[in-house]
Structures are given as C-alpha cells and as structure tokens.
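Hi everyone, thanks for coming. Please take a look at the structure on the screen, and I'll walk you through it.

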2 protein chains.
Amino acid sequence: MKLSHSLLPTLKQIPRDAVIPSHQLMLRAGMIRPLAAGIYSDLPFGWRVAKKVMTILREEMDRIGGQELYMPCLNPISIWEETGRAGDFGSDLFRLMDRKNRSAGEGERYCLAPTHEEVICDIARGYVKSYRDLPQIWYQIQVKLRDEPRPRSGLMRSRHFIMKDSYTLDRDEEGQDHGYQLHYQAYSRIFERSGLETFVVGASSGLMGGSGSQEFMVESESGEDTTVRCDRCGYSANLEVATSNIESIAGPNDQETVIEVATPNQRTIEEVSSFLSIEPRILIKSLLYIVEDRPVLALVSGEDEVNESKLGAVLGAPFRPAEPHEAMQYMRANLGFLGPVGVDKSVKIIADLRLRNSTGLATGANKDGYHMTGVNAGRDFQPSEFRDLRTVKAGETCFNCHAKLRLARAIEVGHIFKLGTKYSQAMGAVFLDENGVEKPIVMGSYGIGVGRLVATVIEFSHDEQGIIWPPSVSPFDLMLITLNPTESDIYRLSQSVYDDLRKDGFDVLWDERDVRPGVKFNDADLIGIPIQIIVGDRAVATGAVEVKIRKTNQRHYVPKEELVPKMAELLESL
Amino acid sequence: MKLSHSLLPTLKQIPRDAVIPSHQLMLRAGMIRPLAAGIYSDLPFGWRVAKKVMTILREEMDRIGGQELYMPCLNPISIWEETGRAGDFGSDLFRLMDRKNRSAGEGERYCLAPTHEEVICDIARGYVKSYRDLPQIWYQIQVKLRDEPRPRSGLMRSRHFIMKDSYTLDRDEEGQDHGYQLHYQAYSRIFERSGLETFVVGASSGLMGGSGSQEFMVESESGEDTTVRCDRCGYSANLEVATSNIESIAGPNDQETVIEVATPNQRTIEEVSSFLSIEPRILIKSLLYIVEDRPVLALVSGEDEVNESKLGAVLGAPFRPAEPHEAMQYMRANLGFLGPVGVDKSVKIIADLRLRNSTGLATGANKDGYHMTGVNAGRDFQPSEFRDLRTVKAGETCFNCHAKLRLARAIEVGHIFKLGTKYSQAMGAVFLDENGVEKPIVMGSYGIGVGRLVATVIEFSHDEQGIIWPPSVSPFDLMLITLNPTESDIYRLSQSVYDDLRKDGFDVLWDERDVRPGVKFNDADLIGIPIQIIVGDRAVATGAVEVKIRKTNQRHYVPKEELVPKMAELLESL
C-alpha cells in the first residue's frame, strides 16, 4: 500500500492523558482514535494488527475443535436476571430500553453484554439434549461493552472492546478438565505466536464464579495486576490469591492470663504497638465486616494486610466494612479497640492461618481505650475457622522452594475459568445421560481481549523510537522507504522493488511521500514494521538497497535481485 | 468437520412466525437462533456463510482501494446532534446512559449507531487536512443497531445486524462520482460472486439525504420494496421514485368559465365523479399538508395517488396531512370539498406534471357541499410548481421505450448514496485546497447488510427440500454422507474419502451420525451444500461413490481415485 494514499496519521507529540507506552504509541502511530471516554475507533493501521491477531485466534481455536458462532451484544436483561448477574454486575452493565418497553413504561429491559455465558446457556438449552451432543467448544470474536468506572490506558481497559470468548460444554468434571487443558494449550500457542512471554497464575474468579481460574500474564510496568513470582521454581500467582512460606505468630509466652491495659486514644497498629512497646506482628488486627447483614470479625497479624479477595472467597457472599455504629452494636466498642476475646456468639470469627496456635498476642479489649496482652489463640478466643487471609509481601519465601519471592506488575492477557454448573443450573441447560437422567451441563469460559493483546505486544516490544512489531502481528511485512521520490531513477527503482515484493506475496507499505528523509525514518521507526528497505541515490548507483532491521538497527546491503529470498530469510529469523 | 460433533440443529417443522422462505430455512437449517425480537445469534453453520460473504466484501473493497477500519457501535449522542440526526432518527435510535451521565441526571447521552457517517466525519476532521489527503475510501464490517418498529423476516429486517459500510471522501463532485462508480462496480461484482442477479434502481435517499442514491435489488416475492421494471429497455426504479410515459389530463373543454355545482355529501373521488358523471381522471384530487406549520395543497388527477416519497423530496422538509380544523382554517371548507381555485396566497399549491396545461377539470369548490367544473390550469388556478407527484401503476408505458411497465417486489441488497457535503459541513470536516481555501469534504456512503445478503441468497436459491448454496458462499464445499457408519468397511472408505478431500483443500462436512439414511438425505438437502458424496454398501462393492448435485439432483458415480479432480471440476461448473 502506498503511504500517501493511506489513513496513517502519525503524531510527533506524546498525546496528553496517555500515560502508558502502548496507549501513547497507538495514538502516535495512528492506530486508534478516541471517540468518547474508553471508546475508540480502530484506524486502518491498528485494524490490520487486530485482524492478524484474530487470524491467530481463529486458527488456534479451530485447531482444538472450536466452532465459531456470533452472539449479539444487545441482550434481553431477562437472561441476566436468570443467573442473578443483572444485579452482580451493577453499574458495570450498560442498560437500555427499546421503543416498546419504553412506551410500556417498563424501565430498562435490555443490556449490552460484557460476556456471553447467559446467551451460551440459552443456546445450549435450545439444542443440547443428550450426552451424545457433548462435548462442544463454541467461540466467537465479537464486541463487548462494559461501563468501566475508570476507563483508561487506551485499549487496555476500554468500555467497548473486541474479545475472543469461548465456552466448553461437557457432561462432567473430567470433560471440563479436558476442555480447560485444550484451552490452556491453545492460549499458550496464541501468546507465543503473538511474540509474548507469558506466565500463568491462579486467580480470583470474581463475578464469573465457578471452581477455579487461571490468568495468562505478561510482566510489565504498565500492568494493573500485581503478581507474586518465584524465579527459582517458577511459582506465580496473582497477589489476590498468592501464598508464601511464613511462620506462625508467637509472642512472649510469659503471661498466664490475659491482662487488660489502658491505651487511651491509641487506635492504630502503629500507635498501640509503640505505646505497648511490642512488635506490630503480635498485635492482632481485628476487622469487622458485614456479610449479608451479619457481623464477621477477620483477624490477621498486625504486620499483615487482609486480602479482601481471599476473604471474599472464604465468605462466599458480598461484604463491606462495618460502620462505627455497627461496631458499637455488635462489639460494644469503637473501631480501633476491637478484638476477638469474649465476643458474642453472633459474631463469626475467621482468623488468618498465621494465628493458629499463636500465643502472647495483644488485641483490642472491646472496650474503648483498652487493649489486652498475653492472648493465646484457642485458649482466649476460638475462631470458627483459620484460613489464608493475608496479602503476601515481597521478600517472603516461596512455599514450594523457599527462594525469595518478588512482586511483579503484570498485564492479564487471557483468563480461563472452570464454571462448573453455576450457569447451566440457573438457566436449565441440561442434558440426558445414558441412563436418561437429567444433568446440568458442566461449563468452562475462556477469554482473550483483542485490543488488550495488541496493546500488550506493544508494551512488550517497543523502544524510545516507537513500536517494534513481531512479524506475526505486524500490520505489514515490509516497509519500503523511497528517499527523494521526485527523482525518476529512484522512483522507478522503488516501483520495481515494490512490484517484485508484492508479486512474491509480501505485504508492503511503501512510503513514497514527498517529505524529508528524516520524517520518513522517524515515521518508519514509530510505526515499527520489522524490516525497512531504503531506496535512494546509493541504491540507484550500486544496485543494492539498504535493509534495516527495526529491532536491532542492523543494516544489510542487498542486491535488488536477491531481495525477495533475503526478505523471506530475514522475516523468518525475527 | 464431523456432523456428530457439530452444533447444527436442523428442524423438520416450519417454525411458527417465520413467513418468508429464507427465515424458515435459516431456522430449520440451524443457521440462526432468536434471542429477542429482531435479535439473532448466528450459529456456526450460519456464521460460516456470513464469513464467506465477508471475505468477498473485503476482497472487493480492497480491490477498489478501500482501507478497512472499525468504528464503535456505542456513540456519544453529541455527534448525532451535530448533524441533526439524533432527532431525525427518533425512536429508531437506541439511546442509553453511562454511569456518569446517569448519576449527573443528564439523560441519555449515548446511542447505538445504525450507520456511521458521524463517526467518519469525526475521524476526517481529525486527520484530513489538505487536498493531498484525498481521496480516501474507508470501510468496515461491523455490527449496527436500529430499533426497528417492526423487526421481521429474520435477518431481512433485524434490530442487530452486521453491515459492510463504506465511505468515500473527495475534494469535489467529480471525485465523488468516481468513488461512487468504483462502488457501483464493486457492488456488481460482490452480488455476482454471491450468486445473485441484481438490478439497480434510483431510490429515495430518506434519512441519509444527499444528492442521489441507487439501490441494488433482487426480484423476490419476499421483498419489502416495490419496483417498476421495463423488460424491454431495462429501465428499473423503486416505486417511490419511478416515472412513466403518461399523457396530460384533458377533459371536455366546453365551458368558458368555471361553474359551481352542488354536490351535497359527495366527498370521495368515486362519489363525486359518479354524481357528476365524469371520469375520475378529470377530477382534481386536492390534498392539504402541513409543512413546518405552513399549508401546502398537492394536486393530482383523481385516478392517481400522491407518492409521499416524491412529495417529500419536493418539499424538502417533514410534512403531515392537515387535520380537519386546519382545512377549515386555511381553505374555509372541510376535507372532501377542497380545490385550488381562489385559494389564499398563503397556501402554496404544487401540482402533478399531468395537470400542466390541463383543461376541463372538476374540483372541490372550497365550500362545503359544492364542486366546480370547467376548471383550466393556468387560467383558473396557478400552482407555484408542476412536479412529478404521482405513483406509477402497472401497465403504464416506459418513458424511455414505451413498452409496458410491470411492478415487481424486490429485496434491497445494497444502497449507494452521494451525500455531497451535508455531513461534512455540519461537522466541520474540511480540507484546504491548492489555494489554501477551506472546503468541506464531498462524501459518499455505501452499505451492504451481511445477514440480509445471506437471506437473499436463500430466497434466490432454494426449493421445497431446502437451501441450494452457490459454491462461493456455501458453508462447506462438499457434504460427505456415510450410510450405515457402524459397518466398518463403509466407515473406513468414508474416512479415506474424507481425508483425501481435506488433504486437497476441500472443506468437507461429514455426516457420520448413526441415524437412518432418510434423515441424512433430508438434512443434506435442507442445509444445501452444493455437492453430496454418498458412501454406502455399493461404494464399498464397486469402489465408485455416488455424487449428487444438490441443485439439479443429477447423479454421478465416481471411482474413489478420481474423486478429487472430479469435485474440483463439478464445483467449478456450478
């Protein structure tokens, strides 16, 4: 394609509001244009990359037996009510009326789908009748909408985005595991083919529910997620679920009984531990939550933070921190003086694993202005369960190999879920087994955001000058740069190089604009096609064109007649 | 692909509510599943056809220099307010709030785009600066949403649909004409490649506006449009704009002056002409409309109907029939007794061309219970314009070749528009010409609905048994039918045929289900893959497989080793 005829509006300036490199570079390289907050058009150059990615997605989904279909983004909200997610998604769901339900005064009876488990179940309950109809793998590449509270970072977190989502439908857990494994392998190939290095972490299932999920992550400063990584054994986990090898809490075990100590106006861990001259780690942090109108007291060591994601998994229901008046109501003390000793039975206590068998602890006394010391778990208070509630910190050791763990920012590029029968049960997507017994379909759900994948490739592969595309997803194979296109010898040679390369099946972007060489070199480096072929005076004089590898800045001089095989060879090597 | 593993739910029964053949067959062949009124999922079999069509669309758009991009379906309504179409589309536009404008109590600030002229202009005003940036052809294949008052006929008229829409941006009318011609040619190729016979009609531009438009039509009883066709010279037009060769009105010219006649209670054309014993054609039909609060009297012959589409084009503004009290206010008579003689100057009169120089007419007297006879145009009333206002009728003659015209139902499969500067002016999409003068971009807009195209192919090519796909858009090239797959010889031979064909690049659907042959034959005819290869006892015994051409029911017996070249040859011939 000739650049002078293309919509490829490059920018020299870094656009305001674009913070992370991929967002800056997609704007600067003319790949996207914002239309509203979190809503972008893909311009032709960006769309070419998206199409390359979609081709890889289709090939790998087809390879594992996926059947492609296409589901509407406009959904009747009734199916979302069947699964309860109309409520779960809350304001994240765009809701709207059609002319009929508007005139009937019914309120919003439609939504824009951020994912498609409900529609999948509706299709399944229409057509899947028998165990013979299973397993199935259905996928689509389609637009999704989600009213993000804070859309940001360009295509990383937008409100309108294209996703490949797929769904496995199986008769049992074993089938589900197989479909899940197929996706694990397909996803590994997809990211590898896109030029990314990924690692896989256990993850929280969030609004999806189900029995387990894993995320494919790419380490990046621009990532929104924090992961815990062990560089020795390869253990990786999202901070939301990560664990480490950490000892139990044991304080000075020199008190036979609990002693109440006045701690006037001392409320925070820092204030109380300093006032009592004790280590923060032996002071119990007691946090009161309200879970479906009932009080739950969560306990962790004073040096730890409650991980609300882990707590949520333990509670299995929506929860929120208690208000001061609720602390008074259930604990008869103000926040800052709460503790697990002598608590009313109506308050459920859940303690972090580090507190099991712990001794010599300090804690709030459930009495304003007082704390207690010499508290032993088991003797002085009895949690209903000990569970992993704390957030791992950098420098703790790996539970597996005892090497030091590090925290790493990362971008989630894929998420795979075992959903079990959560959706199929709610929606009546059932089948008859060999014995004529009706059973709910066991489902899995798997997603890759196309725009986010493209942005991640850029995060992973760019430099000061611009993008460096892996050949597999580059918008063009080759960039041909003509210096001084107004000189007829140079133009003629360029045209002949362009024709030869295209005849051989290369996708070539030809910069034949009548602008200064510096502008061309800068634009070429910015838009990042992996190989640049430069034709100017010297090429006309010598018959050899200059070939520059974008990534390494390495230069070759290649006789025109050897260009086609050389380009194939170089692209192969990148 | 093996049918036993596929989501291809065929139905024997004709589904309720599906009236036209394509809707019935798409449901029966498991191509689509309804999710809500006018909202469908494309199931894998249907989606394969859609993808074939999209490939043809991309190839032909690329061939004319189109650059593919992708614009969001979720639009800020502000850009629709810039062009005035937020109002023009009215209830056809789905409108919604995001969380921010909901909490700000602002009302609906977003809409779901039924077309993309506004976004195109927004992109153009961002990047097109100079005449050097023009011309451009931009296209996308993307989902559109439109709150149809009466969604019906499956994918023919749905509320959620995929379209190829493209836009030409040019510096002047000449450039626009060139881009329009390129599209005309591309569209002709697209429909021909899809196996359709189309004809082109001049059309009303409706909500798009602009200087002219044409529709690509396929003649079909299922069509929503009525067209006028001349089978001799090829003249074709949508009834909304069609003209014919028809003589002026001349009645008995035997009265020197107008005579007022009492016509008590005679109001309709039929009543009055019968009462006065005159031909209805010489009685003027006088219809009062209100156009932006001002009265307009439209006149046609009593045997003609006012074509409101033509009238709208003449008026250039929204209009409605007058209420009885408005007739009294402006004409001092009730509806039924109106006429053009002696009308107040504030009432604009527009007469059909047939009334130019007409004589000896009858008309309402603007006096309840009275008509007039002996009325001559020019002498007794003076319209401000004579324009073509009437609807053509079957049997009238062609203005071009004088052959008889016929009316034909037809499906609109493509629409091409010259938009001029309507949108670019409203949105400030301008460029600087060679002299530094700022000018609005001249635009064209062009659309093909993917789902409607697929449905039209089915309307055009089916029989009692089911669909008959043209090879170019068939979901598979070949269908392999194994009779008695539980017999190992038959299964082995089938597997070998399947492998051979796939190795050679054929896309094969293999029915290896353990069901009765009758079920297989019926399903194969229903889903309509152009060639069926049948493997049973006889094939095992003779080494020759039966090949059935779906369209002609012709059968060939082909030795297994000759199958690959024979299939290529047969597909080529279809």
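**A loop in chain B**

Let's start at Gly84(B), which sits in the loop between α3 (77-82) and α4 (85-89) of chain B. Helices here are DSSP runs of H or I with at least four residues, strands are runs of E with at least two, and both are numbered from the N terminus. Is Gly84(B) buried or exposed? Gly84(B) is exposed, because 12 other C-beta atoms lie within 10 Å. Ala426(B) is 342 residues away from Gly84(B) along the chain, yet their C-alpha atoms are separated by 8.6 Å.

**What kind of model this is**

A word on where this comes from: it is a predicted model, in which local features need pLDDT of at least 70 and side-chain atom pairs count only at pLDDT 80 or more, while totals for chains, interfaces and linings use all residues. Residues are numbered from 1 along each chain as its sequence is written, and chains are lettered from A and ligands numbered from 1 in the order in which they are written. Chain A has a mean pLDDT (the predictor's confidence in each residue, from 0 to 100) of 95, and 99% of its residues reach 70 or more. The model scores ipTM 0.90 and pTM 0.90.

**Chain A**

Chain A holds 16 helices and 31 strands. Its C-alpha atoms fill a box of roughly 95 × 65 × 50 Å along the principal axes. Of its 574 residues, 49% count as buried.

Now please find Ser494(A), in helix α13 (residues 488-503) of chain A. Ser494(A) is buried, with 26 other C-beta atoms within 10 Å. Which residues does Ser494(A) touch, leaving aside those up to four places away in sequence? They are Leu480(A), Thr482(A), Pro485(A), Glu512(A) and Val535(A); contact means that two C-beta atoms, placed from the backbone, lie within 7 Å. Ile448(A), by comparison, is 46 residues from Ser494(A) in sequence and 40 Å from it in space, C-alpha to C-alpha.

Back in chain B, helix α1 (residues 21-28) and helix α12 (residues 450-460) have axes that come within 8 Å and cross at roughly 105°. The two helices, α1(B) and α12(B), are therefore roughly perpendicular to each other, a label for angles of 65 to 115 degrees. Pro21(B), Ser22(B), Leu25(B) and Met26(B) of α1(B) meet Ala455(B), Ile458(B) and Glu459(B) of α12(B).

**Where the chains meet**

Finally, the two chains together. The contact between them takes 41 residues from chain B and 40 residues from chain A. On the chain B side, α6(B) gives the most, with 5 residues.

How are the copies related? A rotation of 180° with 0.1 Å of shift along its axis superposes chain B on chain A, with an RMSD of 0.2 Å. That is the relation of a two-fold axis. In chain B, Leu96(B) has the C-alpha nearest the axis, 2.6 Å from it. Both copies use the same surface, as 98% of the contact residues of chain B recur in chain A.

Note on methods: Axes fitted to C-alpha atoms, helices over the stretch in contact; angles between N-to-C directions. Parallel < 35°, antiparallel > 145°, perpendicular 65-115°, else oblique. Buried ≥ 20, exposed ≤ 12 C-beta atoms within 10 Å, placed from the backbone. Least-squares fit on C-alpha atoms with pLDDT ≥ 70 in both.
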